[in-house]
Amino acid sequence: MKSLHGKVAIVTGSSRGIGAEIALTLANAGVKVVINYVENKPAADKVCRAIFEAGGECKAVQADVSDPNEIS
């Protein structure tokens, strides 16, 4: 498998559930992760904290990716 170290991934809906697990797994593989959330900032911040505590890099970004005005 090709190394993911240093890559960047935007994981939509990653403040909880499957998205959060995907974000954590990618971060553990060396990926810098953007946590995308629509409403639940505390949950997104919790995922980012877990990534930071494990030595990874993360940023939480609020945006509804189904709305073109929010992703430009």
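Which residue caps the N-terminal end of α2? In this predicted model, in which local features require pLDDT of at least 70 and side-chain atom pairs count only at pLDDT 80 or more, totals for chains, interfaces and linings use all residues. Residues are numbered from 1 along each chain as its sequence is written, and side-chain values use heavy atoms, with hydrogens and water left out. The cap is provided by Asn-40, a side-chain oxygen of which lies 3.1 Å from the backbone nitrogen of Ala-43 (a polar contact being a pair of N or O atoms within 3.5 Å, of which, within protein, one must be able to donate a hydrogen and the other to accept it, while residues adjacent in sequence count only if both atoms are side-chain atoms).

Helix α2 spans residues 41–53, and its 13 residues reach 18 Å from the first C-alpha to the last, close to the 18 Å expected at 1.5 Å a residue (the expected span being 1.5 Å times one less than the number of residues; helices are DSSP runs of H or I of at least four residues and strands runs of E of at least two, numbered from the N terminus). Its buried residues are Ala-43, Ala-44, Val-47, Cys-48 and Ile-51 (buried meaning under 20% relative accessible area, exposed over 50% and partly exposed in between, with a 1.4 Å probe and protein chains only). These residues cover an arc of only 140° around the axis, which puts them on the same side of α2 (the arc is that of the directions from the helix axis to the C-beta atoms). On the other side of α2, Pro-42, Lys-46 and Glu-53 are exposed. The cover over the buried residues of α2 includes α1 (17–28), β2 (32–37) and β3 (58–62). Just after the helix, Gly-55 takes a positive phi of about 95°.

The structure holds one disulfide (a pair of cysteine sulfur atoms within 2.5 Å), which joins Cys-48 to Cys-58 with an S to S distance of 2.3 Å. Because Cys-48 lies in helix α2 and Cys-58 in strand β3, the pair ties together parts that are 10 residues apart in sequence. The link is left-handed, with -60° about the S-S bond, and both Cys-48 and Cys-58 are buried.

Ser-15, found in the loop between β1 and α1, is buried, with a relative accessible area of 10%. Leaving aside neighbours within four places in sequence, Ser-15 is in contact (heavy atoms within 4.5 Å) with residues including Asn-40, Ala-43, Ala-44 and Val-47.
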